[in-house]
Amino acid sequence: MKTYNLILCEGRHKVDKYHKLDGAVFPNKIDDPDNIVSIRNLADKKLRQLLINKNEQYVINIYNTGLTICLIELLKLCKKYDNIKVNILHWSKTKKDYVKQGVI
C-alpha cells in the first residue's frame, strides 16, 4: 500500500514542518477558480501521476488548505477509483493541528 500526503492547494495555508508532505494537488495559484473543467483536468493529471499501478492500493491524505471547489472535484475523481482510500485533514483551532476525516 502506497500513501501520499498532499496539500490540496499549495501556498494557501502553512502546513507544519512536522507533517511529511509529497507535494500538492493544485499549484500555488488557480488561474480561474470558476473554471471547473480546468480544475478537474488538473486534479485528474495529478491522480494519473500518482496512481501508476492499478493493482496497488493507495491512501491519499489531503491537507485541506482550500479551495472548496478544488476539494470537490478531486473527491469526485477519486470516487471513480476502487483502489484509493481518501482522508481529508482539516485544521483544528482547538488542537492546533490537523484532524483526519475518512471520506472514501
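Is E73 buried or exposed? E73 has a relative accessible area of 4% and is therefore buried, where buried means under 20%, exposed over 50% and partly exposed in between (1.4 Å probe, protein chains only). The model is predicted: local features need pLDDT of at least 70, side-chain atom pairs count only at pLDDT 80 or more, and totals for chains, interfaces and linings use all residues. Residues are numbered from 1 along each chain as its sequence is written, and side-chain values use heavy atoms, without hydrogens and water.

E73 makes a salt bridge to K76, with 3.0 Å between the closest N and O atoms; the term requires a side-chain nitrogen of Lys or Arg within 4 Å of a carboxyl oxygen of Asp or Glu. About one helical turn separates E73 and K76, because they are three residues apart in helix α2 (residues 68-78); helices (H or I, at least four residues) and strands (E, at least two) are DSSP runs numbered from the N terminus. Shared partners join R40, E73 and K76 into one network of salt bridges. Among the four salt bridges of the structure is also that of D44 and R48, at 3.0 Å from N to O.

Rings of Phe, Tyr and Trp (its six-membered ring) pair if their centres lie within 6.5 Å, with planes under 30 degrees apart counted as stacked, over 60 as edge-to-face and the rest as tilted. This rule gives three aromatic pairs. One of them, Y4 with Y58, is stacked, at 6.2 Å centre to centre and 15° between the planes. Y4 lies in strand β1 (residues 2-9) and Y58 in strand β3 (residues 58-63), so the pair ties together parts 54 residues apart in sequence.
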